Amino acid sequence: MTRPDESAAHTQTGRAGDPEAWARSLCALVVAGVAAYASYVHQREFALQGGADSVSASLWPLSVDGLLLLATIGLLKPPGPTTRRVRWAVWSAFLLGIAV
């Protein structure tokens, strides 16, 4: 049987002191960073080959991935008092980002 103060101390630290949780988070961050870099380089090269100037080619990947990121956040948001029109707009933005 644990004392109340021991249980409270364990609850307060929670997962913050869990090395496995830190390792998973770090690995996810590394994978996301590599994927973001590869996506950026690929899209920038694609834009350059398509005739874009260097500034536009550098901004292109940020706009495409930014659109996908915002749409994904909108799709993952818990359902609330949103209208059918808002959900349609979020899905449209997501599909447009995938198509681009």
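**Contacts, confidence and aromatic pairing in the predicted model**

Apart from its neighbours within four places in sequence, Gln43 makes contact with Trp60, Pro61, Val64 and Asp65. Gln43 belongs to helix α2, which spans residues 19–49, and with a relative accessible area of 12% Gln43 is classed as buried, because buried denotes a value under 20%.

These features are those of a predicted model, for which the chain has a mean pLDDT of 84, with 84% of its residues reaching 70 or more. Within the chain, the highest confidence is found in α2, at a mean of 93, whereas the lowest is found in helix α1 (residues 4–13), at a mean of 50. Over residues 7–13 the pLDDT stays under 50, and for this segment the model has 1 contact beyond four places in sequence.

As regards aromatic rings, the structure holds 1 aromatic pair. This pair is formed by Trp91 and Phe94 in an edge-to-face arrangement, with 6.0 Å from centre to centre and 90° between the planes. The two residues, Trp91 and Phe94, are 3 residues apart in helix α4 (residues 84–99), and are therefore separated by about one helical turn.

Note on methods: Residues are numbered from 1 along each chain as its sequence is written. This is a predicted model: local features need pLDDT of at least 70, side-chain atom pairs count only at pLDDT 80 or more; totals for chains, interfaces and linings use all residues. Side-chain values use heavy atoms; hydrogens and water are left out. Helices (H or I, at least four residues) and strands (E, at least two) are DSSP runs, numbered from the N terminus. Buried means under 20% relative accessible area, exposed over 50%, partly exposed in between (1.4 Å probe, protein chains only). Contact means heavy atoms within 4.5 Å. pLDDT is the predictor's confidence in each residue, from 0 to 100. Rings of Phe, Tyr and Trp (its six-membered ring) pair if their centres lie within 6.5 Å; planes under 30 degrees apart count as stacked, over 60 as edge-to-face and the rest as tilted.
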